[in-house]
Amino acid sequence: TLVDSAGNVLIRKPGTSGMEDRKIIILQSHLDMVHQKNAETLFDFPTEGIRMTVEGDWVTAIGTTLGADNGLGVSAILALLESTDLPHPPLEALFTVDEETGMTGVMGVTPDFLKGRILLNLDTENDNEIDIGCAGGIDITATLTYKEDKSQEGMVFYTISVRGLKGGHSGMDIHLGLGNANKIMNILLQRSAASTDLRIASIDGGGLRNAIPRESIATVSVRESKRHLLEEKLGAEKLRLTQEWKHREPSLIISVAEAEKVEYVMSPEMNNRILEAIEGIHHGVTNMSSKVPGLVETSNNLARVEAVAGKLTINCLTRSSVTTGKMELANKLKKILEMAGCKVVFGGNYPGWDPDPDSFILGIAADHYSRMFGSRPRVQACHAGLECGILKGTYPDMDMISIGPTILGAHSPQERASIASVVKFWDFLQCLLKYGP
């Protein structure tokens, strides 16, 4: 067992009897999970274990993410390492850290760390797919410090909340057109502010960059004389938005309640500047691939909006399978945010994984899949970020594919894993190791 300077763990296991001289197979999964919970769920991720439950064929968690991404891949590797009766060639089990927060763990893997040159990444989320490519990504962080005004006498305060959205993986689910709580909150505030002189005290929307925002909460003030106008405006927008989203987001809840007095609020100029900037930030797909039918090429997730105590923070994750497309969109968003007065920093820039349809291990895996399950697997690239692209840059001669069981709703409290699919994935993995190269 080795641990590198980034914290990645490598465990080597010799081949079983008669398979000692076969090619080394690298099995790779990441150790971290996305921590998301519903606002009403009382749960402490650092100290509590996930509260799992079974609903028919699905394992899910109560009010939080499940961690099947990538816990199922990790578990499969650990089961192989622990086994005494499963045939396999020499194995290198690579467990990477910090995949979900920018892939910084796998970026630390050095060229001399791995001996094998065939890699099975176990992070795909559909059991009838073999992935051979993925998108790259870049983090956008915008910050702005602003001077607040002291709340005046004769003001009343309200808390506006957006919740009940599905959320999901900001790569795999971005094409579904799901609601973004930050965008919906911005619409509520912007369409109410013009006629009511609404003043924003705080906004707290979204969370992690790789999760589509499900919830947002804002505290605002308005003059007593315009209280009823604000309630009327918000009521009309609530009705319109719930109708607009009723098919894709049937559980959307918009609520408005009176709040305690807040000491400071934004100036009218800052109100407008922030709301216009958020309006200008694109969320969702911008381009579809011309190479792979149905594949999203470029997208952006408006992941986090926080305005509190005179400081604004906006976080985005821009993805693309084309590096120039990724940077073109990121730079457009940067200019929009800079026009609003924000300081903008890029970070966590990682490459995509260029598909190789002539891959040696792909041919073997597709043939075994067909024999086992009676149909050809879907061979495709995905819009999520996989660590394969970074490993390919470190090991250009490495041959790799990604497989995994069916997981739905990853990066949201709706995350669930199919029991039958895990059985299928486990059988397929054992077959690849027993009869593969």
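Visitor: How many aromatic pairs does the structure hold?

Guide: This is a predicted model, and it holds four aromatic pairs. To read one, check the distance between ring centres and then the angle between planes, where over 60 degrees counts as edge-to-face. Take tyrosine 369 and phenylalanine 428: their centres are 5.5 Å apart and their planes stand at 85°, so they pair edge-to-face.

Visitor: Which parts does that pair tie together?

Guide: Tyrosine 369 belongs to helix H7 (residues 360-373) and phenylalanine 428 to helix H9 (residues 419-435), so the pair links parts 59 residues apart in sequence. Tyrosine 369 is buried, at 3% relative accessible area, and phenylalanine 428 is buried too, at 5%.

Visitor: What about phenylalanine 373 and phenylalanine 428?

Guide: With centres 6.2 Å apart and planes at 70°, that pair is also edge-to-face. Phenylalanine 373 sits in H7, so here the parts joined are 55 residues apart in sequence. Phenylalanine 373 is partly exposed, at 29%. Put together, Tyr369, Phe373 and Phe428 make one aromatic cluster.

Visitor: Which charged end sits over the ring of phenylalanine 373?

Guide: For this feature, look for a charge over the ring's face. Lysine 424 has its charged end there, 4.9 Å from the ring centre of phenylalanine 373. Elsewhere, lysine 150 lies over the face of tyrosine 264, at 5.4 Å from the ring centre.

Visitor: Now helix H6: which residues are buried?

Guide: Gly325, Lys326, Leu329, Ala330, Leu333 and Leu337. They span an arc of only 125° around the axis, which means they share the same side of H6. Thr324, Lys335 and Met339 are exposed on the other side. The buried residues pack against several strands, including S9 (136-145) and S21 (343-350).

Methods: Residues are numbered from 1 along each chain as its sequence is written. This is a predicted model: local features need pLDDT of at least 70, side-chain atom pairs count only at pLDDT 80 or more; totals for chains, interfaces and linings use all residues. Side-chain values use heavy atoms; hydrogens and water are left out. Buried means under 20% relative accessible area, exposed over 50%, partly exposed in between (1.4 Å probe, protein chains only). Helices (H or I, at least four residues) and strands (E, at least two) are DSSP runs, numbered from the N terminus. The arc is that of the directions from the helix axis to the C-beta atoms. Contact means heavy atoms within 4.5 Å. Rings of Phe, Tyr and Trp (its six-membered ring) pair if their centres lie within 6.5 Å; planes under 30 degrees apart count as stacked, over 60 as edge-to-face and the rest as tilted. A charge sits over a ring if NZ of Lys or CZ of Arg is within 6 Å of the ring centre and within 35 degrees of the ring normal.
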